[in-house]
Amino acid sequence: MKIGLVLSGGMAKGAFQIGALRAIAEHFPPEKIAAISASSVGVLNAYSFATEKLDAAERMWRNLCKKDSRSFVGKILRGNYLQRAISDITDPSDRIAMPFYISLVNIRERTLVHKNISGVLPGFYPDYLRASVAMPVYNRSVTLDGHSYYDGAMVDNIPVYPLLEKELDLIICIYFDNCSYIFENLYFDSKVLRVTYPTKQFILDSVRFENKNIDMMIKLGYKLTREILAPVVECGDDAEAVCAYIKRLNEKSGVREMRVTGDMLVTNINKVVSKLAKNKIDS
Amino acid sequence: MDKRTLTILGAVASALSTIFAICASISWCALAVMKIKEIREDENYQSALKNVLLRLNDGFNRRFWKKEIEE
């Protein structure tokens, strides 16, 4: 069975993905994963998974909380530490075996780039990771191949797009807004297994870099993912049975929502403006 | 003039100025609407509007996010 992995961004909520990735690695270690696509903090977690460094990633998350800041501003500024923490999970000997797409935005050229970093020289991995968590205003853009990039999560936080053409049997998608989204098209959507972080404090949880909170999220990520993955493991290599399981899960989740991404918004605005312009010109 | 007469005169003056202000606003709005109608019927305006829309559309096409996969 060909398995893909999609990890979204979410600042402090990213700790949930560490627990989730631990549960995934128990049954599907990196060598069984055919492709990965991630954005923002998901890139750091996915990188740790792909290079088998989940322990180091967990340490990185705990280091972020060492000096608990009481002020709200202090908590927000801690997001900046993500860039500095990259050295905790990268090593010159790192190699990524599978296609590994990270989302980057080139604001000047208005381009959302899904860059496969498994093809770049390992020495450049830290630069790409830094670019993937570079938030405008917080951080400077990172220049790669002569283009300056920021975090791609601003345009598409759940980057399933690069995996559309990969003919995968199962896509495990970890994101944080607790909505049952419909992804891209119905065929692709039927293969997406959603692991979501159940929270109502969407923004507050994003800036809670506190030991207690990080601990709770790692444990919750592990527990929830194990529960969701158990029936998949039972299906073995039977891709149709996995699809049927995902369908049952989707039916159980009730109302399903279309995903509103920055990319989708501007495409639709563009369509409306085109139509308006055409009507006015024809009239 | 006694105090009472002054008060009445003040009240009348203020009522008249309010009425004048309201009348002036209404006539200004009516003039503005007429002017807009006139402009809308003008061919130059229509072509200018088309131009703006075309440029806007062109801007959207050119400026908003392109999506690329770099292997």
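These legends walk through several close-up views of a predicted model.

**View 1**
Start with the loop between α5 (81-85) and β3 (100-106) of chain A, which is where A:Asp94 is found. With a relative accessible area of 4%, A:Asp94 is buried. Its side chain makes a polar contact of 2.4 Å with the side chain of A:Lys53. Look also at the backbone nitrogen of A:Asp91, which lies 2.8 Å from a polar atom of the A:Asp94 side chain. Leaving out residues up to four places away in sequence, A:Asp94 touches A:Tyr47, A:Thr51, A:Lys53, A:Ile89, A:Pro122 and A:Tyr125.

**View 1. Strand β6 of chain A has a partner in β3(A) and another in β5(A).**
Strand β6 covers residues 147-151 of chain A, and 2 bridges join it to β3(A), with the two running antiparallel. For a landmark, find A:Leu104, which stands opposite A:Asp151 in β6(A). Strand β5 (residues 142-144) of chain A also pairs with β6(A) in the antiparallel sense, this time over 3 bridges. Here A:Thr143 stands opposite A:Ser148 in β6(A). The hairpin of β5(A) and β6(A) has 2 residues between the strands, and in it A:Asp145 takes a positive phi near 50°.

Side chains of opposite charge can pair when their charged atoms come close. Over all chains, the count comes to 11 salt bridges. In one of them the side chains of A:Asp55 and A:Arg22 meet, with an N to O distance of 2.8 Å. A:Asp55 belongs to helix α3 (residues 54-64) of chain A and A:Arg22 to helix α1 (residues 15-27) of chain A, so this pair ties together parts that are 33 residues apart in sequence. Is A:Arg22 buried or partly exposed? A:Arg22 is partly exposed, because its relative accessible area is 24% and the buried class stops under 20%.

**View 2. A:Arg62 and A:Glu58 pair up within helix α3 of chain A.**
These two side chains meet in a salt bridge of 2.9 Å, N to O. How far apart are A:Arg62 and A:Glu58 in helix α3 of chain A? They are 4 residues apart, so about one helical turn separates them. A:Arg62 is partly exposed, with a relative accessible area of 29%, while A:Glu58 counts as buried at 16% relative accessibility.

The closest N and O atoms of A:Lys223 and A:Glu227 are 3.7 Å apart. Both residues lie in helix α9 (residues 211-235) of chain A, 4 residues apart, or about one turn of the helix. A:Glu227 is partly exposed, with a relative accessible area of 46%. Elsewhere, salt bridges that share partners join A:Arg22, A:Asp55, A:Glu58, A:Arg62 and A:Asp215 into one network.

**View 3. Aromatic rings meet edge-to-face in chain A.**
A search of the whole structure turns up 7 aromatic pairs over all chains. The rings of A:Phe16 and A:Phe176 have centres 6.2 Å apart and planes at 75°, so they count as edge-to-face. This pair links distant parts of the chain, 160 residues apart: A:Phe16 is in helix α1 of chain A, and A:Phe176 is in the loop between β7 (170-175) and β8 (181-182) of chain A. Both A:Phe16 and A:Phe176 are buried. A:Tyr47 and A:Tyr125 also form an edge-to-face pair, 5.7 Å centre to centre with 75° between the planes. Here too the pair links distant parts of the chain, with A:Tyr47 in helix α2 (residues 41-50) of chain A and A:Tyr125 in helix α6 (residues 125-132) of chain A, 78 residues apart. A:Tyr47 counts as buried at 0% relative accessibility, and A:Tyr125 does at 2%. Ring pairs also link A:Phe16, A:Phe176 and A:Tyr197 into a cluster.

**View 4. A lysine of chain B sits over a tyrosine ring of chain A.**
The charged end of B:Lys67 is over the ring of A:Tyr161, 4.2 Å from the ring's centre.

Key. Residues are numbered from 1 along each chain as its sequence is written. Chains are lettered from A and ligands numbered from 1 in the order in which they are written. This is a predicted model: local features need pLDDT of at least 70, side-chain atom pairs count only at pLDDT 80 or more; totals for chains, interfaces and linings use all residues. Side-chain values use heavy atoms; hydrogens and water are left out. Buried means under 20% relative accessible area, exposed over 50%, partly exposed in between (1.4 Å probe, protein chains only). A polar contact is a pair of N or O atoms within 3.5 Å; within protein, one must be able to donate a hydrogen and the other to accept it, and residues adjacent in sequence count only if both atoms are side-chain atoms. Contact means heavy atoms within 4.5 Å. Two strands pair if DSSP finds at least two bridges between them. A salt bridge is a side-chain nitrogen of Lys or Arg within 4 Å of a carboxyl oxygen of Asp or Glu. Rings of Phe, Tyr and Trp (its six-membered ring) pair if their centres lie within 6.5 Å; planes under 30 degrees apart count as stacked, over 60 as edge-to-face and the rest as tilted. A charge sits over a ring if NZ of Lys or CZ of Arg is within 6 Å of the ring centre and within 35 degrees of the ring normal.
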